[in-house]
Amino acid sequence: MAQPQVLFDYIGHLPECPTWSAEENCLYWTDILENEMHRYNIESKKHDVIQFSEEVGCFALCETGGFIVALRSGIYLTNRTGLITRKVCDNPNNPVLARFNDGGTDRDGRFYAGTFWGPGDYNGALLCRVDIDLTSHVIQHDIHGANGLAFSADKKWMFTSDTPNRVIYRTPLDEQGEPGQREVFKRFEPGQGIPDGAAIDAEGCYWTTLFDGYRIARLSPDGDVLEEYQLPVRCPTMVCFGGDDMKTLFITTTRENMDDAEVAERPLSGAIFTLEVAVAGMPKLKFKENQ
């Protein structure tokens, strides 16, 4: 069985939202708490950092170039250097209490971004969607920390997780991609780790990171655990597929809220790992803004 390997000599604070660019042979990701977006070229080993003025919860590459980016205050379009060219919408939550977190595109190229409810006193987070005409809609409520966004290849299901509540949901989608009533896909008991960022492979299996669980897991379309891979860190945050054959799994991890003792014991916390897998993953589509 393949084992996770460190991608390169990098340690972040809260790396998230890994995104593969096949055209550039590059991996992108954010470091939310450092207000950064990163780009690493697998062939040249060149590592670039784009600095923002706010936390970068999630983003997607755009078909027209540049990015659609969910910052704390709202969602924006930027050019390739990160310069904001247009504001799409405000954060639908109170931005003082909730920052953007996990997000990405569906199989039609629309952009989704969920929030994380900072106070933690109730499920106050949201999931919103930006359509190709740049209109925005809140599509789900009753979330503590939005994570785990992924879409089935047949466009019939949206998967999400609520990390603090230890649950993965799936939501049926109609022919226009509008969501129905979400249902529980899998719950995790205390001590099993909690579901964080995720991706789907070509067989419809859902790969989830298990924050506080030292591992990632591959779940069948019925929610059964098919494979698990241990990591030398406690808190993986998200996965994505990439590489020439889409059989490389990239895994981000964090050292947020870890004390000096844990960092000394787990010095790779915050690193990015790769894992070679047998089944190719579904690529992330670019945001398809209607010009």
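**Strands and cysteines**

Modeller: Strand E15 (residues 157-162) and strand E16 (residues 167-172) run antiparallel and are joined by six bridges. Strands are DSSP runs of E, at least two residues long, numbered from the N terminus, and two strands pair if DSSP finds at least two bridges between them. This is a predicted model, in which local features need pLDDT of at least 70 and side-chain atom pairs count only at pLDDT 80 or more, while totals for chains, interfaces and linings use all residues. Residues are numbered from 1 along each chain as its sequence is written, and side-chain values use heavy atoms, with hydrogens and water left out.

Biologist: Which residue is the bridge partner of Phe159 in E16?

Modeller: Arg170 is the partner of Phe159. The open sheet here has four strands in the order E14-E15-E16-E17, with antiparallel pairing. Its edge strands, E14 (146-151) and E17 (183-187), each pair on one side only.

Biologist: Is strand E22 mostly covered or exposed?

Modeller: Buried means under 20% relative accessible area, exposed over 50%, and partly exposed in between (1.4 Å probe, protein chains only). In E22 (residues 236-242), seven of the seven residues are buried. Six bridges link E22 to the antiparallel strand E23 (residues 248-253), with Pro236 partnered by Thr253.

Biologist: How many disulfides are there?

Modeller: A disulfide is a pair of cysteine sulfur atoms within 2.5 Å, and by this rule the count is zero.
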